[in-house]
Amino acid sequence: MKKQMADWLVKENISLNNSYFLLKLTLHKQLPEILPGQFVQVKIEHSPTTFLRRPISVHFVDRKAGELWLLIQQVGDGTRQLATIEAGEKLNLIYPLGNSFTLPADKNTSLLLIGGGVGVAPLLYLGAYLKERGYNKPAFLLGARTENDLLQLEEFSKYGEVHITTENGQAGEKGFVTNHSVLQNKKFDFIYSCGPKPMMMAVAKFAKEHTVSCEVSLENTMACGIGACLCCVEKTKKGNTCVCMEGPVFNINELTWPI
Ligand SMILES: Cc1cc2nc3c(=O)[nH]c(=O)nc-3n(C[C@H](O)[C@H](O)[C@H](O)COP(=O)(O)OP(=O)(O)OC[C@H]3O[C@@H](n4cnc5c(N)ncnc54)[C@H](O)[C@@H]3O)c2cc1C
Ligand code: FES
């Protein structure tokens with residue numbers, strides 16, 4: 001898939017709370033093919049400390065409205081600057097980058113999409129993409145530290161049933177995603193996951209122990225996003241691998257995680 005660079009128009013910048021915001025962007029031409037799991041590299045203007053582009057997952061593609069959505073947590077100078085962008089301004093992106101989640105051959109496969117924190121971002125588009133292609137409705141298992149960190153629940157519920165955990169018990173079941181009762185009560189054939197690495201490792205361990213197929217989307221620190229700087233390397237069974245080019249999505253059997 002050809003990479004492109006273009007200025008996108010900010011249609012809306014919706015503040016979800018103090019930490020998270022949702023950007024809805026449009027393009028002056030037809031949207032290219034974008035697959036679930038892919039990401040974009042965002043150029044940050046007016047931030048003297050942010051020279052490199054920032055990688056952000058494709059949260060949703062609304063083809064009818066011609067929109068690309070990005071769900072972003074403010075963690076440092078780059079994302080804080082991005083939070084101030086206003087409707088009508090331009091945002092320069094390189095897109096679409098990376099590989100994508102694998103869709104199972106059998107549309108009746110029982111699917112579980114597990115996200116943690118802002119790592120839920122790529123799972124909304126994956127859920128919508130599966131629905132559009134006639135797959136069984138997936139279940140979402142979304143975990144966060146507090147209720148404030150639970151994101152886009154209404155959007156997720158359009159594509160499948162939503163299960164929740166919070167670490168402090170403010171919403172859903174108390175604890176981590178891997179403690180949620182749905183994992184004991186239901187049998188899943190395929191798990192997709194994105195979130196903090198310890199969470200994905202725990203999910204991968206669960207999947208391995210229960211012989212469930214599992215793909216994880218890694219968020220290794222990136223600089224160029226196009227395979228030139230090698231700063232995103234992950235050690236895999238094939239050797240050192242650029243997450244920006246051969247990932248961010250990996251089958252857990254490809255990884256050398258101690259699970
Ligand atoms: C493929 C990919 C997809 C991503 N998708 C999203 C997304 O959809 N939404 C979103 O909010 N963020 C996403 N991220 C993380 C996002 O890129 C970083 O939060 C962002 O680059 C931080 O930039 P900053 O200038 O605000 O903070 P910086 O000043 O660069 O960093 C601030 C703090 O955040 C930490 N940090 C920076 N990058 C990462 C990272 N990749 N993972 C964990 N901690 C990090 C730094 O160590 C530091 O402690 C993604 C990362 C990757 C690699
Ligand atoms: S971010 Fe530069 S090689 Fe992956």
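This is a predicted model: local features need pLDDT of at least 70, side-chain atom pairs count only at pLDDT 80 or more; totals for chains, interfaces and linings use all residues.
How many disulfides does the structure hold? The count is zero, where a disulfide is taken as a pair of cysteine sulfur atoms within 2.5 Å. Residues are numbered from 1 along each chain as its sequence is written, chains are lettered from A and ligands numbered from 1 in the order in which they are written, and side-chain values use heavy atoms, with hydrogens and water left out.

Staying with the cysteines, Cys232 counts as buried because its relative accessibility is 2%, buried meaning under 20% relative accessible area, exposed over 50% and partly exposed in between, with a 1.4 Å probe and protein chains only. Cys242 is in no disulfide, and the nearest cysteine sulfur, that of Cys232, lies 4.3 Å away. Cys242 is likewise buried, at a relative accessible area of 13%.

Turning to the chain as a whole, 53% of its 259 residues count as buried, and its C-alpha atoms fill a box of roughly 50 × 40 × 35 Å along the principal axes. The radius of gyration is 18 Å, which agrees with the value near 18 Å that a compact globule of 259 residues would have; this radius is taken over C-alpha atoms, and the globule rule is 2.2 Å times the number of residues to the power 0.38.

The protein chain has six helices and 16 strands, these being DSSP runs numbered from the N terminus, with helices (H or I) of at least four residues and strands (E) of at least two. Seven of the strands form an open sheet of mixed pairing, in the order E11-E10-E9-E8-E12-E13-E16, where two strands pair if DSSP finds at least two bridges between them. Its edge strands, E11 (173–174) and E16 (249–251), each pair on one side only. Within the sheet, E9 (residues 139–144) and E10 (residues 161–166) run parallel and are joined by six bridges, and Leu141 has His163 in E10 as its bridge partner.

Finally, let me take one residue from elsewhere in the chain. Glu67 sits in strand E6 (residues 67–73) and counts as buried, at 5% relative accessibility. Leaving aside neighbours within four places in sequence, Glu67 is in contact (heavy atoms within 4.5 Å) with several residues, including Lys11, Lys24 and Asp62.
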